[in-house]
Each structure stands twice: as structure tokens, then as C-alpha cells.
Amino acid sequence: MYNSEAAGLSFEEMWARIIACDARYDGLFFTAVKTTRIYCRPSCRSRKPKKQNVTFYMQLDQAETAGYRPCKRCQPEVQHSPWNTFIEQARSFIVAHYREPLLLQDIADHVKLSAYYLERLFKQETNETPRMFLEKVRVDRAAHLLRCSDKTNLEVCYEAGFQTPSNFYKAFKRHHHCSPGEYRNQGTPIVREALPASRKPLGGML
């Protein structure tokens with residue numbers, strides 16, 4: 001059970017994120033395991049369930065209403081920072097709108113903070129800027145399309161939200177250390193544990 005349109009992510013993309021223990025997606029969705037009746041954060045390091053036993057929920061209360069209880073290891077019900085709500089709202093907005101030419105101000109307006117304060121808070125809480133997170137989301141989407149569709153590299157570029165092919169190739173190589181074409185030719189999907197993206201200043205369009 002999940003609303004892929006609201007999340008901006010398919011089942012396969014969310015599954016890839018939990019296999020990678022990707023903390024960048026914490027708060028955006030929750031993984032519920034039918035056999036244990038437990039729900040977790042995407043970053044949880046507990047033993048991974050079988051794919052057919054997993055369902056995804058966009059909201060914590062949806063998982064609990066369905067009868068799942070929180071994982072004792074990753075504690076998805078615990079807010080570790082009083083600023084988590086703002087960060088999760090910002091990340092959810094980015095994931096839902098990554099195909100658009102987002103501005104930092106667009107995100108700031110959504111969470112009702114100043115652009116300057118949002119960027120400072122986002123970096124303080126996540127060790128990356130909104131721009132870095134947006135790039136990661138776009139690269140994740142591109143990687144999924146390269147392996148799971150027959151779209152051309154140029155089509156993947158624009159479908160993933162990149163504004164120019166050159167930015168697409170640079171960003172993809174920065175995260176995967178190979179070109180989009182090389183990644184596609186490797187065949188079996190590769191899910192690697194998320195590492196912080198290289199830092200760069202945020203200015204103008206994201």
C-alpha cells in the first residue's frame with residue numbers, strides 16, 4: 001500500500017533505498033514487514049525482509065493503523081531533532097517535484113521558512129544542502145530508468161529532472177563513478193550504500 005504519485009517513487013525505487021539503508025529517505029516513507037508486523041525507517045540496519053513481504057506507507061500513523069509496531073532498532077516513531085518536521089517536509093517536497101526546475105525559494109515557501117534559514121538548517125541536520133539532496137533524488141531516478149526501461153539516455157536525462165545533458169552526465173558520474181551508458185551496460189541493478197554527495201554552493205535554480 002503506497003501512493004507512488006504522492007511519494008514520487010515507485011515500489012522498486014523505495015525497495016532499492018531500503019536495501020541501501022539510505023538515511024536521506026527517512027521520514028519520506030516507512031517499510032512495513034507483513035511477517036513480523038514491524039515497520040522501519042529506510043535506513044534501518046536490521047536484516048532485510050523478503051521483497052514479497054514488504055509494503056510501504058507514506059505516513060507513520062498509516063502503518064500503525066494497519067497494525068504494525070515500530071522497530072526497536074531504528075525507532076521510526078522517535079523524532080531525533082525538533083527540526084525533523086521541517087526537513088522531512090522539505091525532502092518530501094523535493095521528491096514530489098524533482099522533475100521541475102526547482103528553486104531553493106520554492107522549497108522554503110513550502111515549509112514556511114526563509115531560503116537562507118532552510119539551507120542552513122537542512123545542512124545542519126543532514127550534512128548536505130537541498131541542492132545536493134535534489135541531485136541525489138534525480139540520479140537515483142535516472143539509475144532506475146537506465147536499468148528498468150528502454151528509454152534513451154537523453155530521455156532519461158529529462159525524465160529524471162535534469163535541465164541539460166551535461167549536468168546529467170556530470171551528476172551521474174559524481175555519484176556512480178561511471179557514465180550513464182556504462183551503468184546501463186553493467187546489467188544487474190547495483191544498489192550501493194548511500195554516501196554524502198560532494199558539496200557545492202547553492203545558488204539560483206536547483
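Two strands count as paired if DSSP finds at least two bridges between them. Strands (E, at least two residues) and helices (H or I, at least four residues) are DSSP runs, numbered from the N terminus. With that in hand, here is the structure.

A word on the source. Residues are numbered from 1 along each chain as its sequence is written, and side-chain values use heavy atoms, with hydrogens and water left out. This is a predicted model, where local features need pLDDT of at least 70, side-chain atom pairs count only at pLDDT 80 or more, and totals for chains, interfaces and linings use all residues.

I start with the sheet. Four strands form an open sheet with mixed pairing, in the order E3-E1-E2-E4. Its edge strands, each pairing on one side only, are E3 (54-57) and E4 (69-70). E1 and E3 run antiparallel and are joined by four bridges. Which residue in E3 is the bridge partner of Phe30? That is Tyr57. Helix H2 packs on this sheet and touches E1 and E3; contact here means heavy atoms within 4.5 Å. The direction of H2 makes about 100° with that of E3. For such angles, axes are lines fitted to C-alpha atoms, for helices over the stretch in contact, and the angles run from 0 to 180 degrees between N-to-C directions.

Next, charges. Side chains of opposite charge can pair when their charged atoms come close. A salt bridge is a side-chain nitrogen of Lys or Arg within 4 Å of a carboxyl oxygen of Asp or Glu. How many salt bridges does the structure hold? There are 10.

One of them joins Arg24 to Glu128, with the closest N and O atoms 2.9 Å apart. Arg24 is in the loop between H2 (11-19) and E1 (30-33), and Glu128 is in the loop between H6 (115-126) and H7 (130-148), so the pair ties together parts that are 104 residues apart in sequence. Buried means under 20% relative accessible area, exposed over 50%, and partly exposed in between, using a 1.4 Å probe and protein chains only. Arg24 counts as buried because its relative accessibility is 8%, and Glu128 counts as buried at 4%.

Asp22 meets Arg17 in another salt bridge, at 3.2 Å from N to O. Asp22 is buried, at 1% relative accessibility, and Arg17 is buried too, at 11%.

Last, helix H7. Asp140 and Lys136 both lie there, four residues apart, about one turn of the helix. Their salt bridge has its closest N and O atoms 2.7 Å apart, and both residues are buried. Elsewhere, salt bridges with shared partners join Glu13, Arg99, Arg141 and Glu159 into one network.
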